[in-house]
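Let's take a friendly walk through a protein model, one part at a time. Keep the sequence and the 3D view open as you read.

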Amino acid sequence: MDAVTGAAAVLLGMDSGQARKLAEEKVDFLPQEWLRRMDAMLDRVGEQICPPVADTVQGAPTNAFAKAANSQASPVSGFGYYRLGEDGRLYLASKSEHYHTPMGHNFPGYRLIDNARALGVTNATHNNTRGYITRLCERELVRCANGLARGDVQGLEKVLASTERHVLNRVINLETGSLACEAGIKMMLARFYRLDKTFPAPKYSGKIPVFFVMQDYDGGAMANYHGTTVLAQTFRDMWPELYAGAEAGRLYEVCPIAINNIEDFKEKFARYNTGNYKAAGLIHEIILMNYGGIKLHEDYLQEVYRICHEGDTPILCDEIQSCMWYEGMFLFRLYGLNPDFVAIGKGFPGGQYPASRILLSAEMDNLNQFGALVTNGQEELASLAYLITMEYAQENAEEIRDICAYYEEQAETLKARFPSVVERIEGQGLLSAVTFRDVGETVRFVQLLQEECIDVSAQVYKACCPPAALLKLPLIASRTMVDWMIQRMAGVLTRMKTEAGG
C-alpha cells in the first residue's frame with residue numbers, strides 16, 4: 001500500500017494524505033438501503049420507468065448476431081439484479097447476464113476498483129511482469145481451491161511446493177473460459193505430442209489420445225460444452241469433416257459417455273485405455289447448463305475420478321459457469337473431487353472484466369506459458385475484481401448456502417403444483433432449470449416470462465436436449481426476490497394450464 005500511495009504522489013501529483021485516505025477507505029459491500037431499494041422495485045419489473053433511447057444504432061453485426069439481437073433489452077444502466085433496457089423498461093436479470101454478474105450490476109464493493117484506478121493502479125501488463133495483485137490473487141485461488149483457512153500461511157506454502165498428483169497449486173491467467181479450457185486440453189495433448197521440435201518425446205508418444213466428454217441423449221456429444229476454440233468444438237460434434245479427418249489419421253478420438261451411467265464409463269474406459277489407445281483425459285462440467293441443467297451425481301463422479309486416477313488419466317473440471325455460485329466458490333469441493341485442472345471465470349470477476357483462470361497440478365505443468373498457452377491475461381484490476389468477489393463469497397458463505405437451499409425448496413413447489421406440465425427441477429441451487437414435458441410448453445413458458453421482462457432462456461436447438469427453461473439468479477438475491485420470482489413463474493404456469501384447458 002505504501003508503494004501505491006507513494007507512486008500516486010510522485011506520478012499523479014496526488015496529495016500524500018489524500019492518497020492514503022483513498023487507499024484506506026472502507027467500502028460497505030452491501031448497504032442495507034441498497035438491498036431494501038432492490039426489493040422495493042420488484043413490482044416495477046416490466047414497467048417503463050424511463051424514456052426509451054431515442055437515437056439508437058444497429059452496430060455492424062454478423063448475420064447471426066443480427067438475427068439474435070434484442071436491442072430493446074440492451075443495457076442503458078443497471079442496479080443490483082435489474083437492467084434498464086433501451087426501451088426504458090425495467091428487466092429482471094434472472095440469468096445474471098449469462099453467469100457474469102453474481103453480484104448484480106453496480107455492486108458497491110467494486111468501488112474499490114475505482115479507488116485503485118484513481119490511485120494509479122494500472123490494468124495492463126505482460127506475462128513476465130505479473131503484478132502484486134495478480135500474484136496475490138493466484139495464492140488466494142490456490143488457498144480456497146485446497147480448502148485452507150485464512151491465515152494458514154504454512155499450509156499454503158506446503159501446497160504451493162507440493163509435487164503430489166491432483167494437488168491444484170498452479171494458476172494460469174487468461175481472458176476467456178474458452179482459452180482456459182483449451183489450455184487444459186493442450187496440456188493433456190502434450191502427454192502425446194511435442195509442442196515443438198525442442199521438446200523430448202512425451203510419455204505416451206505413439207498412442208492415440210482419447211478424450212471423454214458427456215454424451216447427449218441421442219448418443220452424440222452435444223451434451224458437453226467447453227468453449228468455442230476449434231479443438232473443443234470438435235468434442236461436441238462440430239466441424240464433423242475436420243474431426244473425421246483427425247480420427248482417420250489417428251490423431252485423437254472423442255468418446256462420449258452416458259450421463260450418470262457408471263457402467264457405461266467403465267466399459268468405454270477399459271476399451272480406450274489399452275493397446276494403441278490411451279485415455280487422454282476427461283473433461284466435464286458438474287451442472288450441464290448447456291444441456292438442460294442436468295446435474296451429475298456425486299457418487300457417479302467420485303467413482304469416475306477413482307477410475308481415471310488409477311488409469312493415469314487427467315481430469316479437467318470445467319467450472320466456468322458453476323464457479324462462485326455456491327458456498328466455498330468451487331462446486332467440485334462440495335462434491336469431494338480432486339481434479340487435475342479446474343477452469344474458472346465468469347462469476348469470479350463479477351462482469352467487471354473478461355478474466356478466466358485455469359488451476360492445475362504440478363504434474364500437468366508441462367507447456368511454456370508464453371508460446372503455447374497465453375499472450376495476455378495478467379490484468380491487475382481484473383485480479384482485484386476476483387479478490388473482491390472472493391471476499392464477499394467467503395464472508396457470506398452461510399447466506400449463500402441458505403439462499404441456494406431456499407430457492408431449491410421453492411422451485412420444487414412448482415413441480416408439486418403443476419405436475420402435468422413440469423416434469424422436474426434440474427440443476428443445483430441458483431443454477432436451475434425447469435424441465436417441461438414437451439418443447440412447446442418450454443417455449444411458451446419462456447415467451448410469457450420474457451414478455452414480463454424476466455430473463456429466461458431455453459435450449460430447444462440441440463438434439464434430444466431436455467426441454468428446460470434456464471435460470472441463474474444472482475448471489476445477492478433475497479428471499480423476497482425468490483418469492484416474487486416463484487410467484488411470477490407460478491402465474492405463467494397457471495396461464496399455460498388455462499390455455500391448455502386444464
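## A strand covered on both faces

In this predicted model, strand β2 covers residues 82–85, and both of its faces are covered. Y82 and L84 are on one side, R83 and G85 are on the other, and all four are buried.

Which strands pair with β2? One partner is β1 (residues 75–79), which pairs with β2 in the antiparallel sense over 4 bridges. Within that pairing, G78 has R83 as its bridge partner.

## The nonpolar cores

Y82 and L92 come up again in the largest nonpolar core, which has 128 residues. They are listed among the residues with the most contacts inside this core, together with L141, F212, F330, F348 and M489. Leaving aside neighbours within four places in sequence, F330 is in contact with L141, C144, A145, E319, V342, I344 and F348. Apart from this core lies another, of 33 residues, including I172, A183, M187 and A246.

## Rings that meet

How many aromatic pairs are there? The count comes to 20. In one of them, the ring centres of F107 and Y110 are 5.1 Å apart and the planes are at 70°, so this pair is edge-to-face. F107 is buried, with a relative accessible area of 3%, and Y110 is buried too, at 4%.

F212 is in strand β5 (residues 208–214) and F265 is in helix α12 (residues 262–271), so their pair ties together parts that are 53 residues apart in sequence. Both F212 and F265 are buried.

The charged end of R37 is over the ring of F79, 5.9 Å from its centre. K278 lies over the face of Y204, at 5.1 Å from the ring centre.

Helix α16 (residues 380–395) has 16 residues, which at 1.5 Å a residue should span 22 Å. Its end C-alpha atoms are 23 Å apart, which agrees. This helix is mostly covered, with 13 of its 16 residues buried.

The check also works for helix α13 (residues 298–310): its 13 residues should span 18 Å, and its end C-alpha atoms are 18 Å apart. Which residues of α13 are buried? They are Y300, L301, V304, Y305, I307, C308 and H309. To see how such positions can line up, remember that an α-helix has 3.6 residues a turn, so residues three or four places apart point the same way. The cover over the buried residues of α13 includes β5, β6 (253–257), α12, β7 (277–284) and β10 (315–318). Just after α13, D312 takes a positive phi of about 50°.

## An open sheet

Elsewhere, 4 strands form an open sheet in the order β13-β14-β16-β15, with antiparallel pairing. Its edge strands are β13 (422–428) and β15 (457–458), each pairing on one side only. β13 pairs with β14 (residues 431–436) over 6 bridges, and R424 stands opposite T435 in β14.

## A buried spot in a loop

Finally, look for Q215 in the loop between β5 and α10 (230–234). Is Q215 buried or exposed? At 16% relative accessibility, Q215 counts as buried, because the cut-off for buried is under 20%.

Not counting residues up to four places away in sequence, Q215 touches G220, A223, P256, I257, A258, I259 and K268. One of these, I259, is 44 residues from Q215 in sequence, while the two are 6.4 Å apart in space, C-alpha to C-alpha.

Methods
Residues are numbered from 1 along each chain as its sequence is written. This is a predicted model: local features need pLDDT of at least 70, side-chain atom pairs count only at pLDDT 80 or more; totals for chains, interfaces and linings use all residues. Side-chain values use heavy atoms; hydrogens and water are left out. Buried means under 20% relative accessible area, exposed over 50%, partly exposed in between (1.4 Å probe, protein chains only). Helices (H or I, at least four residues) and strands (E, at least two) are DSSP runs, numbered from the N terminus. Two strands pair if DSSP finds at least two bridges between them. A nonpolar core is a set of buried Ala, Val, Leu, Ile, Met, Phe, Trp, Tyr and Cys residues joined through side-chain atoms within 4.5 Å. Contact means heavy atoms within 4.5 Å. Rings of Phe, Tyr and Trp (its six-membered ring) pair if their centres lie within 6.5 Å; planes under 30 degrees apart count as stacked, over 60 as edge-to-face and the rest as tilted. A charge sits over a ring if NZ of Lys or CZ of Arg is within 6 Å of the ring centre and within 35 degrees of the ring normal. The expected span of a helix is 1.5 Å times one less than its number of residues.
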